[in-house]
Every structure is written in C-alpha cells, then in structure tokens.
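I opened the structure to look up a few charged pairs, a helix packing and a surface patch. My notes follow.

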Amino acid sequence: MLRYLWLSFAVILADQGVKLWLSHIWRVGQGIVVIPGLLNFRLVHNTGAAFSFLAGAGGWQRWLLIGIALLVVVVIVAILRRLKPGSTWTAIALALILGGAVGNLIDRIRLGYVVDFIGAHWGSLYWPYFNIADSAISIGAVILVLDAFRRH
C-alpha cells in the first residue's frame with residue numbers, strides 16, 4: 001500500500017509551499033481576515049506541540065518532538081508496507097498523517113518551531129492556530145476512526 005505515498009508528498013509540498021510563501025510575505029503576527037468572525041490567516045511560530053503544548057518549556061521540547069515525529073514516520077511506513085490489498089481507507093488515512101507529520105517535522109528541524117497560519121474562531125471562541133500539515137493529520141485520524149467503525 002506504499003502506492004499512497006503520493007498523497008503524503010502532496011501534503012508535504014502544499015504545507016511547505018504555503019508556509020514558505022507566507023513566511024516571505026508576512027512577519028510574525030501579520031495576516032488577513034478571510035471570513036469575519038470565523039476564519040483568518042496570521043503567521044504564528046509554535047515551538048510546542050499541538051495546541052502549543054510545551055511551547056514555553058525552554059527548548060528541550062524541540063528534540064523530544066523531533067524524536068516522536070521520527071518514530072511516528074517509521075511506524076506509519078512499516079504499517080503501510082504491511083497493509084493488505086483492500087485497506088484503501090486505512091492507507092489513505094495513514095498517508096495523510098504521514099504527510100502532516102513530515103511537514104511539521106521539516107519545520108521543527110529546519111527552524112526550531114512549526115509555522116502555523118490558519119485561525120478558526122466563532123465570535124470570541126478561538127481554536128489554536130494550525131496549518132495544512134495539522135489539517136492532514138486531523139483528517140487522517142478521522143478517516144481511521146470512521147474506517148474502524150465501518151469495518152466493525
């Protein structure tokens with residue numbers, strides 16, 4: 001099921017391309033309102049994990065998160081190699097998660113932080129900033145859960 005790795009590469013290219021472009025046109029904190037009261041883009045640097053967890057930990061978290069991401073990449077590739085034909089949705093989900101993990105891993109290794117830029121909110125309720133890689137990971141996780149329910 002390694003034939004689905006094209007999806008991982010597409011996620012990585014889209015994620016890194018948009019991050020690079022936005023990092024060239026904006027400084028940290030700059031952005032635009034896309035849909036008032038709902039969606040905005042703003043350049044944010046996240047030194048932590050999801051939801052900025054460990055962001056203020058002093059620097060050691062970078063190496064921990066790089067190690068975890070590398071382990072995730074190895075495990076996902078191993079699982080993809082062992083999937084049986086017909087496990088299409090599982091392969092798609094894992095390819096999305098793999099692409100997202102690598103997209104954020106590249107940032108963390110190259111920059112020491114992850115570039116986030118998508119801000120979703122409902123009035124005064126704000127979701128933490130995220131990026132294309134985070135979206136791919138989330139969509140892949142939802143597909144895995146739905147596929148597990150479908151099979152059982």
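Is Asp147 buried or exposed? I looked it up: Asp147 is buried, with a relative accessible area of 4%. I keep in mind that this is a predicted model.

**Entry 1: the Asp147 pair.** I checked the partner next. Asp147 forms a salt bridge with Arg150, and the closest N and O atoms are 2.7 Å apart. The two residues sit in helix H4 (residues 132–151), 3 residues apart, so about one helical turn separates them. Arg150 is exposed, with a relative accessible area of 55%. The cut-offs settle both labels: buried means under 20%, exposed means over 50%.

Entry 2: I searched the whole structure and got 3 salt bridges. In one of them, the side chains of Asp15 and Lys19 meet at 2.8 Å, N to O. Both residues lie in helix H1, 4 residues apart, about one turn of the helix. Lys19 also meets Asp107 in a salt bridge, at 2.7 Å, N to O. Asp107 belongs to helix H3 and Lys19 to helix H1, so this pair ties together parts 88 residues apart in sequence. I then looked at burial. Asp107 is buried at 1% relative accessible area. Lys19 counts as buried at 2%. Asp15 is buried as well.

**Entry 3: H1 against H3.** I followed that link to the helices. The axes of H1 (residues 5–25) and H3 (residues 88–111) come within 8 Å and cross at roughly 35°. The crossing is right-handed. Contact residues on H1 include Val11, Ile12, Asp15 and Lys19. On H3 they include Gly99, Gly100, Gly103 and Asp107.

**Entry 4: Thr90.** Which residues does Thr90 touch, not counting those up to four places away in sequence? I found Leu83, Leu144, Asp147 and Arg151. Thr90 is in helix H3. At 10% relative accessibility, Thr90 counts as buried.

**Entry 5: the nonpolar patch.** Last, I looked at the surface. Ile32, Val34, Ile35, Leu38, Trp122 and Leu125 form a nonpolar patch there, with about 620 Å² of accessible area together. Strand S1 (residues 31–35) gives the largest share, 3 residues. I checked Ile35, which is in strand S1. Ile35 is partly exposed, with a relative accessible area of 40%.

Technical notes
Residues numbered from 1 in each chain as written. Predicted model: local features only at pLDDT ≥ 70, side-chain atom pairs only at ≥ 80, totals over all residues. Heavy atoms only, no water. Patch = residues over 30% accessible without salt bridge, like charges linked within 9 Å, V, L, I, M, F, W, Y side chains within 5 Å. Areas by Shrake-Rupley, 256 points an atom, 1.4 Å probe, with all protein chains shown as cover. Salt bridge = Lys/Arg side-chain N within 4 Å of Asp/Glu carboxyl O. Buried < 20%, exposed > 50% of the residue type's maximum accessible area, 1.4 Å probe, protein only. Axes fitted to C-alpha atoms, helices over the stretch in contact; angles between N-to-C directions. Left-handed = near helix turned anticlockwise from the far one by under 90°. Contact = heavy atoms within 4.5 Å.
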